[in-house]
Amino acid sequence: MTTTATNHTTNALSYQDDGRTLTFTVGLQHIASYTYRPTDHQYESPRPYFHPLTTLGGDDVTISRPWDHVWHKGLSWALPNVGEHNFWGGATYTRQTGYANLDNNGAMNHEVFTSIEESADGIVASESLVWTLQPMPGSEGRALISEQRRFAIQLLPIPGSWVLLFETTMDNTSDADINIGSPTTEGRDNAGYGGLFWRGPRSFTGGEFRSEAGAGADEFMGTRSPWIAFTGQHDVTCRKSTILFVEDQANPGASNQWFARSSMFACLGSAPFFSEVVPLKVGEPLTYRYAVVISDGDVDAGAAAALADAAAVALEAWA
């Protein structure tokens, strides 16, 4: 299926659905793919993910299944310590075991798109998912969490920039409260990953973070700010691109910590469970919202703040 939404620019925003992946295009340029029916191994905690994400100028800003962490999938909502279960992929870190393969890798299963709406502002998809535990031999994985997810693709009024708006509401469908944490809440220092997580191209290694506090590299790990940007450089074209996260300040605990790494490899993620366990109580859903900007080029302090402001306005209007 192919459909088109008009907008305030000269290029049309459209999408295609092949039954497994939604692909979004501006004019002739593919800018985002959302794989909602992955075929990943259970060890990788199968879940929907965005990859590739591409600038309007045509540069990819994500990678998926890197050899060092095959469970990293472009941009995805992923949580490593959900009670005793892993919805991140790979080994699980606990106080008792350190990193170990615990046969506890769950899956976030697409159920249905309840709607895909088009307007002059962009395209909005609403999705129902069920999180299931790793199946045991002879049985299916038991349902643990029901999720209602929305995301939107919009062009920003700043040239060369578009935004992905993301919202998740997680509802505990088990018979007991679920404590959501991270390897850091289990005792591993500065490893508070889990949330809306982005993995950048290899060539982005050594790139620059920027927030209201200034610019730098790995010292941004665990910091708190309403927004944070990362700029990296591409092979072949030698151009630079920027990805910028904005957190909705209505999120529980906002501003939450960021999982930010420049050396080793480029990655950035919201981390609302970085250093404190958050209970997902029965009958009390948790909702988190973010805006993720994809922009051509480098940014200085003023340009980054302008992108953050534009994304915050879009997020507030959408939410």
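Buried here means under 20% relative accessible area, exposed over 50%, and partly exposed in between, with a 1.4 Å probe and protein chains only. The model is predicted, so to speak for itself only where local features have pLDDT of at least 70 and side-chain atom pairs 80 or more, while totals for chains, interfaces and linings use all residues. Residues are numbered from 1 along each chain as its sequence is written, and side-chain values use heavy atoms, leaving out hydrogens and water.

**Stop 1: Thr 92.** Select Thr 92, which is buried at 4% relative accessible area. Thr 92 belongs to strand E8, residues 92-94; strands (E, at least two residues) and helices (H or I, at least four) are DSSP runs numbered from the N terminus. Now show side chains: that of Thr 92 makes a polar contact with the side chain of Asn 86 at 3.0 Å, and another, of 3.1 Å, with that of Asn 104. A polar contact is a pair of N or O atoms within 3.5 Å; within protein, one must be able to donate a hydrogen and the other to accept it, and residues adjacent in sequence count only if both atoms are side-chain atoms. Leaving aside residues up to four places away in sequence, Thr 92 also touches others, including Pro 80, Tyr 99 and Leu 102, where contact means heavy atoms within 4.5 Å.

**Stop 2: the sheet.** Next, colour the open sheet of nine strands, ordered E10-E11-E12-E13-E23-E19-E18-E16-E17 with antiparallel pairing. Its edge strands are E10 (107-119) and E17 (214-216), each pairing on one side only. Two strands pair if DSSP finds at least two bridges between them; E10 and E11 (residues 122-132) have 11. Zoom in on Ser 119 and you'll find Gly 122 of E11 opposite.

**Stop 3: the helix.** Pick H1, residues 301-318: this helix lies across several strands, among them E11, E12 and E19, and runs at about 45 degrees to E19. Axes are lines fitted to C-alpha atoms, for helices over the stretch in contact, and angles run from 0 to 180 degrees between N-to-C directions.

Stop 4: Which is buried and which exposed, Cys 238 or Cys 267? Cys 238 counts as exposed because its relative accessibility is 53%, whereas Cys 267, at 0%, is buried.
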